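Subject: Structure handover and findings

Dear colleague,

Please find below the structure that I am handing over to you, together with its sequence. My findings follow directly after it.

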Amino acid sequence: MISDRHVPTQQPYGTAYEQMLEKVRHEGAYPTREQADEAVRLVLAGLGRQVTGDERVELAACLPLEAARVLTAQIPDAQPLTGWEFVKDLAARSGASLATTRWDTGSVFSAVAAYAGRDLITRTLHQLPTGYALLFGCAELTPVA
């Protein structure tokens, strides 16, 4: 029997995105590439709601195309979230625990930092509210009053 239903085929990811997924999979100890992909999409969408201006454009430019699309598809929030609020927001959106979401965030941000480099991450952290440095695996230094 011949069916006229069209079964969509999944487009293969670009090599750069595949490499990013493997980095996240390794960093986060995810058993499957699909789980790494879910984490990347969740965290980058969240980051896209937080980062604005030149840093947003530069982050998108250094990421693989698929990752850049996820980041830039989001409209930045009018009121940026602190790092802890960011994790809580992602946990609420995904239905995952706070601990799992914190793990996912660190795993993805580690890959983002590798693509972006120290200078861009430092400038991005200066733009964001407190709490993101630790998510990126950096020390959060506060000025002495």
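In this predicted model, helix H2 (residues 33–48) packs against helix H4 (residues 65–72) with their axes 7 Å apart and at an angle of about 45°. H2 is therefore oblique to H4, since the angles that count as roughly parallel are those under 35 degrees and the roughly perpendicular ones run from 65 to 115. The crossing in which H2 passes H4 is right-handed. On the H2 side, the contact is made by Arg41, Leu44, Ala45, Leu47 and Gly48, and on the H4 side by Ala67, Val70 and Leu71. Sorted by class, the residues in the contact of H2 with H4 are six nonpolar, one polar and one charged.

Leucine 44, one of the H2 residues in that contact, also has partners elsewhere. Setting aside neighbours within four places in sequence, leucine 44 is in contact with Met20, Leu63, Ala67, Val70, Leu71, Val108 and Val112.

One of these partners, leucine 63, lies in the loop between helix H3 (53–62) and H4. Its relative accessibility is 7%, so leucine 63 counts as buried, the cut-off being under 20%. With neighbours within four places in sequence again left out, the contacts of leucine 63 are Met20, Leu44, Ala68, Leu71, Val112 and Tyr115. As for tyrosine 115, 52 residues separate it from leucine 63 in sequence, while the C-alpha to C-alpha distance between the two is 6.2 Å.

The largest nonpolar core comprises 38 residues, and Leu44, Leu59 and Val112 are those with the most contacts inside it. At least two residues of this core are supplied by each of the following: helix H1 (15–28), H2, H3, H4, helix H5 (83–94), helix H6 (98–116), helix H7 (118–127) and helix H8 (132–135). H2 provides the largest share of this core, with eight residues.

The axes of H6 and H7 cross at roughly 120° and come within 6 Å. This makes H6 oblique to H7. By class, five residues in the contact of H6 with H7 are nonpolar, none is polar and one is charged.

Yours sincerely

Definitions and conventions. Residues numbered from 1 in each chain as written. Predicted model: local features only at pLDDT ≥ 70, side-chain atom pairs only at ≥ 80, totals over all residues. Heavy atoms only, no water. Axes fitted to C-alpha atoms, helices over the stretch in contact; angles between N-to-C directions. Helix = DSSP H or I, 4+ residues; strand = E, 2+ residues; numbered from the N terminus. Parallel < 35°, antiparallel > 145°, perpendicular 65-115°, else oblique. Left-handed = near helix turned anticlockwise from the far one by under 90°. Contact = heavy atoms within 4.5 Å. Nonpolar A, V, L, I, M, F, W, Y, C, P; charged D, E, K, R; others polar. Buried < 20%, exposed > 50% of the residue type's maximum accessible area, 1.4 Å probe, protein only. Core = buried A, V, L, I, M, F, W, Y, C linked by side-chain atoms within 4.5 Å.
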